[in-house]
Amino acid sequence: MVDQATGEEGLIQLLDPVGARVDTPENAGYRARVAHLEGDDLRAMYRDMVLTRRFDDEATALQRQGELALFAQARGQEAAQVGSAYALAPQDYVFPSYREHGVLHVRGVDPVDRLRLFRGQDHGGWDPAEHNVQLYTLVLGSQVLHATGYAMGIQRDGLVGTGDPTRDAAVAVYFGDGTTSQGDVHEAMVFAAVNDSPVVFYLQNNQWAISEPTTRQAKVPFADRGLGYGIPSVRVDGNDVLACYAVTLEALERAHSGGGPTLIEAFTYRMGAHTTSDDPTRYREREEEEYWRRRDPLERLEALLKAEGLWDEAWFAAVEADAEVLAERIRTETRELGAPPTEALFEHVYATPHATVAEERAWFAEYEDETEASR
Amino acid sequence: MTTTTERTAQTTAQRDVQTLAFAKALTLGMRNAMAEDPKVLVMGEDVGRLGGVFRVTDGLQAEFGEDRVVDTPLAESGIVGTAIGLALRGYRPVCEIQFDGFVFPAFDQITTQLAKMHYRSRGKLTVPVVIRIPFGGGIGAVEHHSESPEALFAHTAGLRIVSPSTPHDAYDMMRASIASPDPVIFMEPKGRYWSKGAVDLAAPPAPGVLDTARVVRSGTEVTLVAYGPTVATALKAADALAAEGTSAEVVDLRAISPLDIPAVVASVRRTGRCVVIHEAPSAHGIGAEVVSRVTEEAFHHLEAPVLRVGGFHAPYPVAKLEHDYLPSVDRILDAVDRSLAY
């Protein structure tokens, strides 16, 4: 029913939309990759998806209250993000776009730090080295090349194919369906393919690039493009957290062992607006939103937990309490962020002294002093 | 190393002065930096087996291997974008853009990503990438092979822009650029690749070589400001002026961002007259910035308006017309005459 270029054929799926396990000969390898996940693991995934959505809701509310200049929701993409992030090893490195709140949550990037950019308080907000997560990138596709170069560095460090799971490293780079039209994505796939670089190209096809549907970007499934580069490619149900976890794990195994890049197309849906400045009622139908609302990734995992006797009301109450604590912290601490000092305008333009910056900084300080004195 | 070079001075423990072609000085600058630091990489189109279309990377792949001297796919945005990623991983890539006119596919990566990474991370990330661009005209090339895009980069905060004019500076500035934690756009005057000069290979990079101008000829009546390919033209003009009885001082900027304005102003305060020369179009250019700053800081020392000699506000012309487009000795002399007559 959805007006999409690529259809839903060929998606790897381990949970159907009502949360029942899918057992087919085709997904046997992926089922094996999730067989070790126990009740605690599945509940942890669910909890992280709940917290990711609560982060979204609170940030959106803060924007409406004027506390954030802008916000881009991840709503609907929690399974695609949390599932893939669960597959990463600590030494793996993440290059996000700007909507990967679920990935950053799993990697441990502080939620308040994640809002600095949207508040206009910082262009970044966290130390990339702390969690191996690069800053958000707003120019579409730029980070896909950075990720590929970083992976080429990992190769030169000799950290591919050592056989030691605590040392072998890879890069996961996140981007969207609209970004696939950028030349940088093409170039990144060429560089990664010919160098056998350890990159997982994680494409979240959320069906919409602001107002443009996937029919404006592609005539064939996005994953088909990978084959042209000689990159193994897979389409996965992006609202199925187990399938997203399994395909990412497979891709990382390939990357870690020296098998090179993989393209994953996670077929999902942007349930919210592009950002708080956007109005989807101008370009998409309510019935489409309703279709995807019935495929909510949180409800799917909830159904599985309940069907398999893993749901526990006391535990769920604790998850809701954790979400409330998170929300309260975001509300309070985001307001307390304030503005950086004026000098920050001139800081770190260069790593070494630069005469133009030094002169303008000195001039501006003097100007401010004089203005202050004359008041 | 010395088989293709001519030794002109005795080698001592402190000095190893050789006469080298400009291009060879660049090669040795990269070569010695690579020998000192295993994190230094060279990457670009045809830089490996071929040694680059101008042979500036000649011999490097044979010495350092394919992992450190990388023949890249033919994609300039890809070259710079992956270099940024390598730099984030701790490497120091030196990228070759084959010709000036081919840098524009990488313009986005250079200006929106490379230039801003240190700033947007509040200093947590550094991206020590050098981007070598053979630039300028005078070699009878086809379209897109003779351009001077330095002002487009100089307008972007976060980038350092330099252009050497002599083999020794080429060697020195290359090593300093590779050592710099800031990204450097290294503009190589391709028309000077085959010019020769003395290079002291043993000397450590001179401090401030990426920040400072240099007086390359002293004079008293007019200051000629140039960089890269036009320094040689300015020196020829100074010779011609000397024959006519006019004493010209020539300042080689070397650094385009930052500009060493104090050095230019000090010269103009002595001479009272100034002409700025570059191959890039005069309009909206580096020369306009020099004129503005000299006017602000040496206004009462000026005997005449500061003039510019540069390319025209037209696309770089066909080779048969480039002699009309490029700043010539005659056009410099004309500008000096106008300044003196003011």
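Me: What should I know about the numbering and the model?
Reply: Residues are numbered from 1 along each chain as its sequence is written, and chains are lettered from A in the order in which they are written. The model is predicted, and local features need pLDDT of at least 70, side-chain atom pairs count only at pLDDT 80 or more, and totals for chains, interfaces and linings use all residues.

Me: At roughly what angle do the axes of H9 and H10 of chain B cross?
Reply: Axes are lines fitted to C-alpha atoms, for helices over the stretch in contact, with angles from 0 to 180 degrees between N-to-C directions. The axes of helix H9 (residues 261-271) and helix H10 (residues 286-297) of chain B come within 10 Å and cross at roughly 60 degrees.

Me: Which residues of H9(B) and H10(B) meet?
Reply: Two residues are in contact if their C-beta atoms, placed from the backbone, lie within 7 Å. B:Ile261, B:Val264, B:Val265 and B:Val268 in H9(B) meet B:Val290, B:Arg293, B:Val294 and B:Glu297 in H10(B).

Me: Is B:Leu41 buried or exposed?
Reply: A residue is buried if 20 or more other C-beta atoms lie within 10 Å of its own, exposed if 12 or fewer, and partly exposed in between. B:Leu41, placed in strand S3 (residues 40-44) of chain B, has 25 such atoms within 10 Å and is therefore buried. The C-alpha atoms of B:Leu41 and B:Ala83, 42 residues apart along the chain, are separated by 9.2 Å.

Me: How is chain A divided?
Reply: Domain bounds come from an automatic or database domain assignment, which gives domain 1 (28-340) and domain 2 (343-374) in chain A.

Conventions. Helix = DSSP H or I, 4+ residues; strand = E, 2+ residues; numbered from the N terminus.
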